[in-house]
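Open the model in a viewer and keep the selection panel at hand. The tour starts with a pair of helices and then moves to a pair of domains.

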Amino acid sequence: MSGTLPADAAAPWASASGSGDDALVRVDNLVKHFPVKAGGLISRTVGHVQAVDGVSLAIGRGQTLGLVGETGCGKSTLARCIAGLIPATSGTVTFDGKDITNLSRRAMRPFRREIQMIFQDPYGSLNPRRRVGSIIGDPFVIHRTATSAERKKAVQELMERVGLNPEHYNRFPAEFSGGQRQRIGVARALALRPKLIICDEPVSALDVSIQAQVLNLLSDLQDDFGLSYLFIAHDLSVVRHVSDAVVVMYLGRAAEQGPKDTVYDTPRHPYSAALLSAAPAADPESAAARQRIILTGDVPSPINPPNGCRFHPRCPKAQDLCSEQEPVLEGKAGDPAEHMTACHFPVQTGENLAAAGRGSHS
Amino acid sequence: MTLLEVKDLVVNFPTADGVVKAVRGVSFSVEPGRTLGIVGESGSGKTVLTQTLLALTPGGDITGHAVFEGTDLLSLSEDQMRKIRGAQIAVIFQDPLTSLHPLYRVGWQIEEMIRAHDRSISKKAAAERAIELLGRVGIPQPRQRVNDYPHQFSGGMRQRAMIAMALSLSPKLIIADEPTTALDATVQAQILDLLLRLQQESDTALILITHDLGVVADIADEVLVMYAGRAAEMASKHDIFYQPHHPYAKGLLESIPSSSAATERLKPITGQPPSLIRLPSGCAFHPRCAYVMDRCLTEEPQLVAVGSIGAHRSACFLPPLAVGLTDEVEQMRKNAVGQGRHASAAEVAQAIAAAPESQGSVIA
């Protein structure tokens with residue numbers, strides 16, 4: 001089940017950034033299964049949610065890797081495994097050349113400073129009863145890196161850096177708007193000068209005008225501090241804007257991964273093609289001209305994923321082979337080496353998938 | 001013939017902190033079979049606007065008119081409104097999980113909707129109708145799924161069930177309030193496709209409230225851009241996207257990451273939306289506007305015809321012909337700002353330019 005991916009298939013596009021073996025994060029064949037329990041007092045495991053099932057990727061230094069896919073495809077679980085928030089079932093996560101998979105709390109501690117997260121909900125991720133200054137100052141307290149006087153100064157510098165008024169140090173989160181709260185989250189993530197920030201849908205809850213402010217802030221910080229981002233979002237235009245490379249996930253597996261432009265311009269996996277065609281473009285003429293591939297049905301359960309290619313029940317191109325044999329993530333003819341697709345019948349340039357997709361709809 | 005005509009609608013909510021001016025004089029009309037897209041940031045009044053039409057904003061002080069097929073919705077009694085709400089005008093809300101009752105079967109909830117408006121329909125006939133409706137909105141095996149509870153449906157299926165419920169009494173107008181915001185892109189495409197198809201089949205009018213300009217680009221005919229409780233700009237979809245006049249509408253368009261310029265810096269709108277209790281003087285957008293002029297600080301601009309076609313209207317003091325995104329038009333705007341900006345507006349412009357989010361886009 002795992003082991004379908006050769007270890008050296010791990011995102012060689014990092015070499016495009018001139019650091020082939022020097023990627024900041026390298027994930028090899030990561031698997032995360034959650035047991036499904038049944039029975040009351042004496043529970044037994046009756047199955048597994050295969051949330052992440054053999055994903056390999058690499059994030060270059062100062063680079064942004066975009067992770068896209070539908071709800072339930074395992075993007076957040078993958079991110080949490082990389083951050084060490086939940087243990088991986090198998091596979092390895094290498095950070096800065098060191099294996100950090102399933103380290104003990106104590107051994108993980110130095111790495112927690114290097115890896116920070118920004119969450120989706122700027123309302124839910126800030127304690128409403130604590131003042132902003134102390135929320136942003138938390139990392140200093142936890143890691144005992146500053147005296148209280150130093151801390152206040154550092155926090156105010158951080159607030160200024162992310163575009164908040166440092167005089168608002170003593171305010172509560174409720175006194176800030178959604179965009180400002182997300183800036184508070186960014187300041188907190190930045191406090192310990194991490195190398196990697198995992199952004200889990202950081203702008204989904206924000207209005208477009210405010211979203212652009214936060215995206216610009218993230219890109220400035222990346223330039224100033226040489227940060228790497230793992231950027232999770234379901235908005236494909238946002239991911240295209242921020243990413244250097246993207247991974248398209250479907251039901252716990254990478255369907256396609258590669259440099260941003262080739263994946264967006266010439267998607268090879270029918271799922272990526274459908275996802276891209278479904279994304280609304282704020283341009284009526286291209287919206288009218290576009291051939292939308294309407295996928296039928298919903299994502300199947302990750303407890304009991306389909307045999308063969310996991311996408312085959314919804315795929316407009318599916319053939320018998322797809323339900324029998326799992327496709328390997330590999331380079332397809334005509335693509336740059338870094339662009340890899342797990343599909344038996346990849347989409348050819350100029351092929352019209354929309355006709356096939358629409359036939360089974362309605 | 002116009003199906004719904006809203007005139008000078010004002011909605012205020014008195015609160016302990018002051019009066020929240022949620023809607024401040026909005027007029028628009030909807031034709032049968034057409035789709036009106038209402039866009040704006042959170043708190044711009046778009047939801048209050050449409051909920052007021054159905055008397056779903058208790059506690060609000062409401063003035064104005066909303067004439068639906070000859071009757072003013074705002075003057076109806078609760079009993080009269082109940083006959084229209086659901087039957088003539090149906091609503092689809094954003095979150096399909098909270099709008100369905102978790103303890104009742106989906107089919108039962110659709111039947112209840114049908115029978116609440118017409119007791120003469122037998123339970124059996126209503127049940128058959130529910131199955132037919134679920135099939136029509138694309139739920140597989142509707143005869144079995146009609147007996148499911150909402151939690152057994154996926155997000156997309158729940159939204160389909162909500163649409164089935166909205167369609168159950170063949171309404172003339174459907175108000176869809178962020179119908180796809182909670183859904184994935186692929187499911188969103190399914191739902192928009194479904195709404196369009198159903199609209200074509202039955203000539204229903206649709207008011208689509210959204211903050212996603214991509215959704216508007218997909219299915220709207222006319223667009224109303226709201227800012228701080230007022231209409232900033234109203235036009236056909238084409239004009240809003242290619243010939244915007246109001247700096248706010250233009251700012252919204254420019255702040256979206258576009259695929260063609262994927263590596264360029266985004267151009268956000270500076271600042272935050274205003275408090276609806278303490279609105280800025282003059283034009284409510286002036287504290288965020290790159291084109292702020294002196295009169296913007298004191299006078300509130302009215303909706304006037306702009307561009308070359310009559311149907312395009314905007315509430316901004318910039319020259320009426322300054323529509324679009326080309327360099328010549330930008331020069332026209334700059335000239336107007338050069339003449340109209342003196343000491344007081346220059347101060348505001350400096351404050352905008354100094355804001356951390358400003359990307360130097362303010363006209364000097």
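Select helix 7 and helix 8 of chain B: helix 7 of chain B passes helix 8 of chain B in a right-handed crossing. This is a predicted model.

Next, show the side chains where the two helices meet. On helix 7 of chain B, pick B:Gly155, B:Gly156, B:Gln159, B:Arg160, B:Ile163 and B:Leu167. Facing them from helix 8 of chain B are B:Val187, B:Gln190, B:Ile191, B:Leu194, B:Leu195 and B:Leu198. Coloured by class, this contact shows seven nonpolar, four polar and one charged residues.

Now move to chain A and colour by domain. Domain 1 of chain A is made of 7-96 + 195-359, and domain 2 of chain A of 107-113 + 123-193, according to the domain assignment. The centres of these two domains, taken over C-alpha atoms, are 31 Å apart.

How many residues does each domain bring to the contact? Domain 1 of chain A contributes 12 residues, and domain 2 of chain A contributes 12 residues.

Last, select helix 6 of chain A, residues 208-225. Helix 6 of chain A supplies six residues, the largest share of the side of domain 1 of chain A that touches domain 2 of chain A. By class, that side of domain 1 of chain A has 10 nonpolar, two polar and no charged residues.

Methods. Residues numbered from 1 in each chain as written. Chains lettered and ligands numbered in written order. Predicted model: local features only at pLDDT ≥ 70, side-chain atom pairs only at ≥ 80, totals over all residues. Domains from an automatic or database assignment. Contact = placed C-beta atoms within 7 Å. Helix = DSSP H or I, 4+ residues; strand = E, 2+ residues; numbered from the N terminus. Nonpolar A, V, L, I, M, F, W, Y, C, P; charged D, E, K, R; others polar. Left-handed = near helix turned anticlockwise from the far one by under 90°.
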